[in-house]
Amino acid sequence: MSYSIVDLCVNCHACFDVCPNDAIYKASTQFMINKNKCTECVGDHEDAQCASICPIEGAILTPAGEPANPAGSLTGIPPQKLREVMAEIQAR
Amino acid sequence: MTDMAPQNQALEIPSGGCSSGSCGSSDDAMAHLPESIRERVNNHPCYSEEAHHFYARMHVAVAPACNIQCHYCNRKYDCANESRPGVVSELLTPSQATKKVLAVAANVPQMSVVGIAGPGDPLANPEKTLETFRAIYKEAPDIKLCVSTNGLALPDVVDDLAELNVDHVTITINCVDPKVGAKIYPWIYWENKRIRGEEAAKILIERQQLGLEMLVERGVLVKVNSVMIPGVNDKHLEEVSKIVKAKGAFLHNVMPLIAEPEHGTFYGVMGQRSPNKAELQELQDSCSGDMNMMRHCRQCRADAVGLLGEDRGHEFTMDKVEAMDIDYKQAMEFRAEVHSSIEEQRNAMKKVATVSLDAIGGVKQAQKKTRPVLMAVATEGQGVINQHFGHATEFLVYEASSDGVRFIGPRKVDQYCIGSSECDDGESKLSMNIRTLEGCEAVLCAKIGLEPWGQLEEAGIEPNGEHAYEPIEEAIAAVYLEMVEAGKADIEVETTQKATA
Ligand code: SF4
Ligand code: SF4
């Protein structure tokens, strides 16, 4: 099984630099994971490296398809608060 | 560079941009530093306000990845707080970056410093940064190199940086207490794990302090940047200032937090406020007692790209750079010539400034008690008043008093807009300009329109176009003397008014 990257990726290269298996590559608009190369870091590290450094919530999915870093888990901003503030900005 | 003035002379002649002990590059504030460092700093475009007018630096974006998260940063956009280019900026490979640097250096001889500041942390994946430095050091040894970092990976590369003759390193240190740090840094990536809370802050702080010590040991200049976050680290930064100075940082630069909800940062969304101008100046003043504070930093106003202006920036896009054939040996000779004529010009201006500052000394001798007055200047550089009021995107604020003229800091006109129609409205731009000038009693510019003239007067700020193209300090001194003679600066007149910025 493999981790994967969705289009929330901001192309910061961080995961690319830390993958022990060179499973991550730069595709045309974002980074992607080669599922044949990804080992979930088993045997190399306790935690999946890409998911441990990615700064963008929701950009990396676990093999189960869940966000490895769900909303609010990296920024500390409660998702509800973010929605409110965004709505406020749009209403201006 | 021409020879430095002998020491006794340097003490007599105010060094152009700074004439008081509180500016980062003045002799007083540098007194505790070894002579060799003082000399390096006084002619440094990044650290001497006056030298800043003549030289420029450029940034190349080669380092996209970051290894920590700060609450004032959103990796999706440019970082407003650390003048970090965002992930959307043109990312270059080390060899592209080197080509671009050589092309700009050959065509813009004023460019004397190349920095790597991001978009991420330049040392998070140090190879790209080091490779770029190696190539520039080899091909263009007349260019100074600098790097900015959060410090986490710094101790690992200190030896490489020293070997490549890196001129200075800027470390962003916002705290020395993990309890404070936990409110600023939600996580770090360390030893293959994402670490959070106080544990993360403790590691980061230890690495920053270790990196600082190691650099100082190896003779690399270290500047410390801090972001002032009211209620989080504002009180704490005085302690930070003491500690980093004791360890040998030569300059401490406190910057105000920039946080707006639309930035999408933790602080922006959670409504953390920014410090106001008075709070910032108060902290800078209280730190300057025991630390060299840098007030002129406007987060790289003098980027070579900025110096080039929009009209020349397009000459250095990567495809054009690739097509250029640069003979750097020849370029280096040309650069040396330009630098020596710049030095002549600087020396000439220092002499002029001395004359009018002497006149201010006269006020002191007359034993007339006068109060300090803040004045703003619109300038495009070269140390003269040469900008139209309406074109200014920032103003330089100076304080004139019987002690002389001292530089307080730049004030950016708030350009932040989220696309509301108000923004393009000439009138609201004008009122934004006027708001920026709060606390100033005069604004000196090359030219000014009638409408702003009236509104400025209404706001109690005297517009002044009489000193167009004159050196800044001399002009301010002259305006101050006029005010003194007219009795406008008498202490008795306005005892309650205290200058703030
Ligand atoms: S989980 Fe590990 S092996 Fe798989 S892509 Fe991420 S870093 Fe590479
Ligand atoms: S770390 Fe996250 S945002 Fe950065 S390149 Fe990888 S997936 Fe994209």
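Me: At roughly what angle do the axes of helix α4 and helix α5 of chain B cross?

Reply: One begins with the axes. In this predicted model, the axes of α4 (residues 94–107) and α5 (residues 126–139) of chain B cross at roughly 35 degrees and come within 9 Å. The crossing of α4(B) past α5(B) is right-handed.

Me: Which residues in α4(B) and α5(B) meet?

Reply: After the axes, one turns to the side chains. P94(B), A97(B), T98(B), V101(B) and L102(B) are the residues of α4(B) that meet α5(B), where K128(B), E131(B), T132(B), A135(B), I136(B) and E139(B) take part.

Me: How many residues of chain B and chain A are in contact, and what area do they bury?

Reply: Contact involves 26 residues of chain B and 29 residues of chain A. The two chains bury about 2300 Å² between them, with 59% of it on carbon and sulfur atoms. On the side of chain B, Y189(B), R194(B) and V269(B) lose the most area to chain A, together 24% of what that side buries.

Me: How many salt bridges and polar contacts are there between chain B and chain A?

Reply: The count is two salt bridges and twelve residue pairs in polar contact. One salt bridge joins K193(B) to D47(A), with the closest N and O atoms 3.3 Å apart. β6 (187–190), β7 (193–196) and α10 (266–270) of chain B each supply at least two residues of the side that touches chain A. By class, that side has 13 nonpolar, six polar and seven charged residues.

Note on methods
Residues are numbered from 1 along each chain as its sequence is written. Chains are lettered from A and ligands numbered from 1 in the order in which they are written. This is a predicted model: local features need pLDDT of at least 70, side-chain atom pairs count only at pLDDT 80 or more; totals for chains, interfaces and linings use all residues. Side-chain values use heavy atoms; hydrogens and water are left out. Contact means heavy atoms within 4.5 Å. Buried area is the accessible area (1.4 Å probe) that two parts lose on being put together, summed over both. A salt bridge is a side-chain nitrogen of Lys or Arg within 4 Å of a carboxyl oxygen of Asp or Glu. A polar contact is a pair of N or O atoms within 3.5 Å; within protein, one must be able to donate a hydrogen and the other to accept it, and residues adjacent in sequence count only if both atoms are side-chain atoms. Helices (H or I, at least four residues) and strands (E, at least two) are DSSP runs, numbered from the N terminus. Ala, Val, Leu, Ile, Met, Phe, Trp, Tyr, Cys and Pro count as nonpolar, Asp, Glu, Lys and Arg as charged, and the others, Gly among them, as polar. Axes are lines fitted to C-alpha atoms, for helices over the stretch in contact, and angles run from 0 to 180 degrees between N-to-C directions. A crossing is left-handed if the near helix is turned anticlockwise from the far one by less than a right angle, and right-handed if clockwise.
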